[in-house]
Amino acid sequence: MSQGVRTRPEGSGQALSEAYDTALLDLDGVVYAGGNAIAHAVESLATARAGGMHLAYVTNNALRTPDTVAAHLTELGIPTGAGDVITSAQAVARLIAEQVSEGSRVLVIGGEGLRVALRERGLVPVESAEDGPAAVVQGYGGPELPWGRFAEACYAIARGVPWFASNTDLTIPSARGIAPGNGAAVEVVRIATGAEPQVAGKPLPPMHRETILRTGARRPLVVGDRLDTDIEGAFNGDVDSLLVLTGVTDAARLLAAPARHRPTYVDADLRGLLTGQPEVTEAGDGGFRCGGWTAAAREDRLELEGDGESLDGLRALCAAAWTVAGDGVSELDAGKALARLGW
């Protein structure tokens, strides 16, 4: 993948599960939603794995341990070992271990996932600013995390103790809707202290480094549903990405994506791992063709002609929108074109 400005989704003559040795899969919105497997996920992953693709599951949620995540996936029908799960807790623990001595105490503002990851790195989790911590680490602690935990972080940070955060996702999906994520909790401590944490999770490089170190991937493919974490993380890691439309990103957001949020490939769901990807070509007069569709930018809007698979139409629209936008954000009106595709 080049770090140049992407102006269209790429094609692939091979199934993606054959073109890449490892899939680095986000979980919520990609593999499952609300705890239940997303349609076609279980069988698609089984087929990809049977064909030789290594599957790794990469999550910014620092609350659950790799064992817990692996057990959940296995229950869903996706056999998974703890070693196949990479969390932001592991990434931030490595980041801390590189800056403090082995055996150092670390004040934990979060859940069991952080504690397990710190112990793996030879660090000692503690609960109070009075315990002499060498670092403070903050990760998602679940809806029952006491408010007093933020005060402990503030006390230590005010004394000059370095502050780390597993990730800064402002929200997290739950069975009842969207809830505050670790990023919202980080903002509480930031406002109170005026300090800035070192952050490990997606889309930042420490998380990508952790996935490569743990998987040994030589040609990885990031698979995700979020432009600002999964796809930007792939961009920052200079690797290819597949956006699936089973999560938070809709077609309108995709068309307006700035350069760092543009995926290499776009597909409806994880069945996209098992197929090639159609090529988007120039059609003349500023237009772009994919399958039976041709898209073009005309004045202040995107226009679409033809028929066929709706995803092909979306890919053609991406090429038209991204080409006009350059490395910026497309402001072209795509309403009528998307309505024609049923998006």
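Predicted model: local features only at pLDDT ≥ 70, side-chain atom pairs only at ≥ 80, totals over all residues.
Colleague: OK, what is the strand order in the open sheet of 6 strands?
Modeller: The order is 5-4-1-13-14-15, with parallel pairing. Strands here are DSSP runs of E with at least two residues, helices are DSSP runs of H or I with at least four residues, and both are numbered from the N terminus. Two strands pair if DSSP finds at least two bridges between them.

Colleague: And which strands stand at the edges there?
Modeller: Strand 5 (85-87) and strand 15 (265-267) do, and each has a single partner strand, so one side of each is left without a neighbour in the sheet. From one strand to the next, the twist averages 25 degrees; for angles like this, axes are lines fitted to C-alpha atoms, for helices over the stretch in contact, and the angles run from 0 to 180 degrees between N-to-C directions.

Colleague: How many bridges join strand 14 to strand 15?
Modeller: There are 3 bridges between strand 14 (residues 240-244) and strand 15, and the two strands run parallel. Val244, for instance, has Asp267 in strand 15 as its bridge partner.

Colleague: Which strands does helix 4 lie across?
Modeller: Helix 4 (residues 88-97) lies across strand 4 (54-59) and strand 5, running at about 60 degrees to strand 5. This helix is mostly covered, since 9 of its 10 residues are buried, where buried means under 20% relative accessible area, exposed means over 50%, and partly exposed is in between, with a 1.4 Å probe and protein chains only. Among the buried residues are Gln90, Arg94 and Leu95.

Colleague: At what angle do helix 4 and helix 5 cross?
Modeller: Their axes come within 8 Å and cross at roughly 40 degrees, helix 5 being residues 112-120. Helix 4 and helix 5 are therefore oblique to each other, because angles under 35 degrees count as roughly parallel, over 145 as roughly antiparallel, 65 to 115 as roughly perpendicular and the rest as oblique. The contact, meaning heavy atoms within 4.5 Å, involves residues including Ala89, Val92 and Ile96 of helix 4 and Leu114, Ala117 and Leu118 of helix 5.

Colleague: Switching topic, what is the order in the open sheet of 5 strands?
Modeller: That order is 7-6-8-9-12, again with parallel pairing, and the edge strands are strand 7 (124-126) and strand 12 (198-199), each of which pairs on one side only. Helix 5 packs on this sheet, touching strand 6 (105-109), strand 7 and strand 8 (135-138), and its direction makes about 165 degrees with that of strand 6. Helix 7 (residues 182-193) lies across strand 8 and strand 9, running at about 160 degrees to strand 9.

Colleague: Which strands form a hairpin?
Modeller: Strand 10 and strand 11 form one, with 2 residues between them. Strand 10 (residues 171-174) and strand 11 (residues 177-180) run antiparallel and are joined by 4 bridges, and Ile172 stands opposite Ala179 in strand 11.

Colleague: What about disulfides, how many are there?
Modeller: The count comes to 0 disulfides, taking a disulfide as a pair of cysteine sulfur atoms within 2.5 Å. Cys290 is in no disulfide, and its nearest cysteine sulfur, that of Cys318, is 9.7 Å away. Cys290 is buried, with a relative accessible area of 0%, and Cys318 also counts as buried at 0% relative accessibility.

Colleague: Last one, is Ala295 buried or exposed?
Modeller: Ala295, which is found in strand 18 (residues 293-298), counts as buried because its relative accessible area is 0%. Leaving out residues up to four places away in sequence, Ala295 touches several residues, among them Phe288, Leu304 and Leu317. The C-alpha atoms of Ala295 and Gly313 are separated by 7.4 Å, although these residues are 18 residues apart along the chain.

How values were computed: Residues numbered from 1 in each chain as written. Heavy atoms only, no water.
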